[in-house]
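Here is a short walk through one model. Keep the sequence and the 3D view side by side as you read.

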Amino acid sequence: MDIGGLLTTAASLMLTGMVGVFIFLSILISAVLLMSKLLGRFENSASSVPVRTAKLQLQQGVPPTHIAAISAAIAQFRNKQQ
């Protein structure tokens with residue numbers, strides 16, 4: 001094959017791949033938007049259920065037991081290195 005034929009084949013393959021990816025992403029975006037709209041209808045009925053926000057606010061930050069465990073592991077690692 002000559003160089004022109006190879007370039008034409010490469011261009012058509014590239015164009016086919018790009019069109020395929022574009023179509024796949026368009027379908028994916030459409031599906032996500034459709035699911036969002038469908039689930040939006042059910043959101044109103046689910047919003048009547050009370051949400052416990054106090055428990056979520058108390059769990060912010062790292063627990064002291066985790067900090068102690070991490071500190072002990074670091075100290076043990078440093079002692080083995082010396």
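pLDDT is the predictor's confidence in each residue, on a scale from 0 to 100. The chain averages a pLDDT of 86, and 80% of the residues score at least 70. This is a predicted model, in which local features need pLDDT of at least 70 and side-chain atom pairs count only at pLDDT 80 or more, while totals for chains, interfaces and linings use all residues. Residues are numbered from 1 along each chain as its sequence is written, and side-chain values use heavy atoms, leaving out hydrogens and water.

Start with the fold. The chain has 3 helices and 0 strands (DSSP runs numbered from the N terminus: helices are H or I with at least four residues, strands E with at least two). Confidence is lowest in helix 2 (residues 53-58), at a mean of 55. It is highest in helix 3, at 93.

Now the surface. The chain exposes about 7,900 Å² (Shrake-Rupley method, 1.4 Å probe), and carbon and sulfur atoms supply 70% of that area. Of the 82 residues, 0% count as buried. Buried means under 20% relative accessible area, exposed over 50%, and partly exposed in between (1.4 Å probe, protein chains only).

Look next at helix 1 (residues 3-46), where Leu15 is found. Leu15 is exposed, with a relative accessible area of 53%. Leu15, Val19, Phe22, Ile23 and Ile27 make a nonpolar surface patch of about 510 Å².

Finish in helix 3 (residues 64-81), which holds Ser71. Ser71 counts as partly exposed because its relative accessibility is 41%. A polar atom of the Ser71 side chain lies 2.9 Å from the backbone oxygen of Ile67.

Notes: Patches are made of residues with over 30% relative accessible area and no salt bridge: like charges are joined within 9 Å, nonpolar side chains (Val, Leu, Ile, Met, Phe, Trp, Tyr) within 5 Å. A salt bridge is a side-chain nitrogen of Lys or Arg within 4 Å of a carboxyl oxygen of Asp or Glu. A polar contact is a pair of N or O atoms within 3.5 Å; within protein, one must be able to donate a hydrogen and the other to accept it, and residues adjacent in sequence count only if both atoms are side-chain atoms.
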